[in-house]
Amino acid sequence: MFFWLLLKDRLGTRNILRRKCMVIDSYNCVLCNLSTEEVSDHLFLNSQFARQCWNILGISIANNSSFPEIVPSLRNNLQPKFFMVAVILMRWSMWSDRNDLIFNGIQANIQNCRRKFLEEIRLVQHRVKQSLQTDFHAWILSLNLDI
């Protein structure tokens with residue numbers, strides 16, 4: 001559901017709240033010190049925090065990237081069979097860190113994002129089809145995340 005909302009530009013970013021005429025203190029990204037509006041491409045690709053999170057997977061994101069532009073690069077760098085698993089879980093991990101900051105006052109950091117990503121990968125690992133188990137396990141090892 002999370003990723004569907006993200007793809008349809010309906011995820012509750014501060015930009016969406018502004019478009020729905022909701023009044024909040026700031027519409028800027030809570031993860032950076034820049035005065036940049038929190039839109040999904042900034043939050044998940046272009047913020048300093050997002051770039052550091054993608055570096056966990058060995059991915060470098062070019063400045064001012066948009067999701068459709070980087071899909072071929074992600075597919076090539078993250079194993080075509082499972083790259084969307086990594087994309088969805090990394091974005092979910094970033095979203096969780098952002099929400100922990102907003103709702104719980106827990107500062108977002110790369111270690112928390114990495115930990116959440118690993119927790120989610122472990123959960124997905126239990127749902128992988130039997131015929132893909134070996135490939136999935138090899139893919140996880142190739143990420144060098146020390147699971």
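Mentor: Let's begin with accessibility: a residue is buried under 20% relative accessible area, exposed over 50% and partly exposed in between (1.4 Å probe, protein chains only). What you see is a predicted model, in which local features need pLDDT of at least 70 and side-chain atom pairs count only at pLDDT 80 or more, while totals for chains, interfaces and linings use all residues. Residues are numbered from 1 along each chain as its sequence is written, and side-chain values use heavy atoms, leaving out hydrogens and water.

Now to the pairs. With a salt bridge taken as a side-chain nitrogen of Lys or Arg within 4 Å of a carboxyl oxygen of Asp or Glu, the count is seven. Side chains of opposite charge can pair when their charged atoms come close.

Take R19 and D9, whose closest N and O atoms are 3.1 Å apart. R19 sits in helix α2 (residues 14-19) and D9 in the loop between α1 (2-7) and α2, so this bridge ties together parts 10 residues apart in sequence. Helices here are DSSP runs (H or I, at least four residues), numbered from the N terminus. R19 is partly exposed at 41% relative accessible area, and D9 is partly exposed at 32%.

K81 and D135 form another salt bridge, at 2.7 Å from N to O. Because K81 lies in the loop between α5 (67-77) and α6 while D135 belongs to helix α8 (residues 133-142), the pair connects parts that are 54 residues apart in sequence. K81 is partly exposed, with 48% relative accessibility, and D135 is partly exposed, with 32%.

R115 and E119 meet within one helix: their salt bridge spans 2.9 Å, N to O, and both residues lie in helix α7 (residues 110-125), four residues apart, which means a separation of about one helical turn. R115 comes out as partly exposed at 38%, and E119 as partly exposed at 35%. There is also a network of salt bridges linking D97, D100 and K116.

One more arginine deserves a look. R98, in helix α6 (residues 83-104), is buried, with a relative accessible area of 3%. Its side chain makes a polar contact of 2.6 Å with that of N99; such a contact is a pair of N or O atoms within 3.5 Å, one able to donate a hydrogen and the other to accept it, and sequence neighbours count only if both are side-chain atoms. Beyond four places in sequence, R98 has contacts (heavy atoms within 4.5 Å) with residues including R14, E38 and L43.

Notes:
Helix = DSSP H or I, 4+ residues; strand = E, 2+ residues; numbered from the N terminus.
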